[in-house]
Amino acid sequence: MSDWIRSRVVDWTWLGALAQQVPSALLWFDRLLTQHKIGTVVELGTGVGTLTALFALHCTGRVITVDRNDRRSDKTRDLHKRLDVDFLPIDLTAADTPPKIERLLSMRRGDEPVLLFIDGGDKRLEFEQYADPARGIVKPGDLIAIHDCGHEFNPATIRESVIAWGYLRIYEVQMAEENTRLAVYSVPR
Ligand SMILES: C[S@@+](CC[C@H](N)C(=O)[O-])C[C@H]1O[C@@H](n2cnc3c(N)ncnc32)[C@H](O)[C@@H]1O
């Protein structure tokens, strides 16, 4: 592991636990949640739950997060419990996971936009499976974000679907120093 990865991603703590996330992601998501008045978040891929906690501190609605492995520390698990986070220990590729999430979202609050945050094992595939408007998870006014640390995702690979579904590009930013990328789209009203 390079010194850069160790110091910038692995070895720093936030809210008392290892963050395992680049610091810039916290800043970008904080801005996104504020600017777009996000009420509810669905996170595909909890990891150690760093961004989950940020979402729960911000949002007035639900935070639903999915991971087939619970990699959270006891401290983070307890924090999530106190913040009322819904952790679903299930596989994103299972056929009944998207309808499960769709059902949970049927209780969304009023007009507040939902952020679908795609951050699991295969981001391109998860985008195709979960962000498809026919699936019923995202609705007009919602946002979809994909964050990539490394080389797991390239916006060009979903461009065709973004165009076909009429989604608007909000950001496709590359943070060169941290070698990360954030792509955010909105579902037009
Ligand atoms: C990059 S981490 C998530 C980081 C987290 N969103 C954050 O920002 O702090 C990716 C997570 O996706 C989970 N994952 C990968 N494939 C999955 C699958 N098929 N079903 C459920 N979880 C999966 C892994 O266990 C891992 O914890």
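**Close-up views of a predicted model**

**View 1. Packing around helix α3.** The buried residues of α3 pack against β1 (13-14), α2 (23-35), β3 (40-44), β4 (63-66) and α4 (74-82). Contact requires C-beta atoms, placed from the backbone, within 7 Å. Helices (H or I, at least four residues) and strands (E, at least two) are DSSP runs, numbered from the N terminus. The model is predicted: local features need pLDDT of at least 70, and side-chain atom pairs count only at pLDDT 80 or more, while totals for chains, interfaces and linings use all residues. Residue numbers start from 1 along each chain as its sequence is written.

**View 2. The buried residues of α3.** T50, L51, T52, A53, L54, F55 and A56 are buried. That is 7 of the 9 residues of α3 (residues 50-58), so the helix is largely enclosed by the rest of the structure. Buried means 20 or more other C-beta atoms within 10 Å of the residue's own, these atoms being placed from the backbone; exposed means 12 or fewer, and partly exposed lies in between.

**View 3. The ligand shell.** The ligand is surrounded by 18 residues. G45, G47, R68, L92 and G121 are the closest. The shell holds 9 polar, 6 charged and 3 nonpolar residues. Ala, Val, Leu, Ile, Met, Phe, Trp, Tyr, Cys and Pro count as nonpolar; Asp, Glu, Lys and Arg as charged; the others, Gly among them, as polar.

**View 4. The chain behind the close-ups.** The protein chain has 7 helices and 9 strands. Of its 189 residues, 38% are buried.

Methods
Contact = placed C-beta atoms within 7 Å. Near = placed C-beta within 6 Å.
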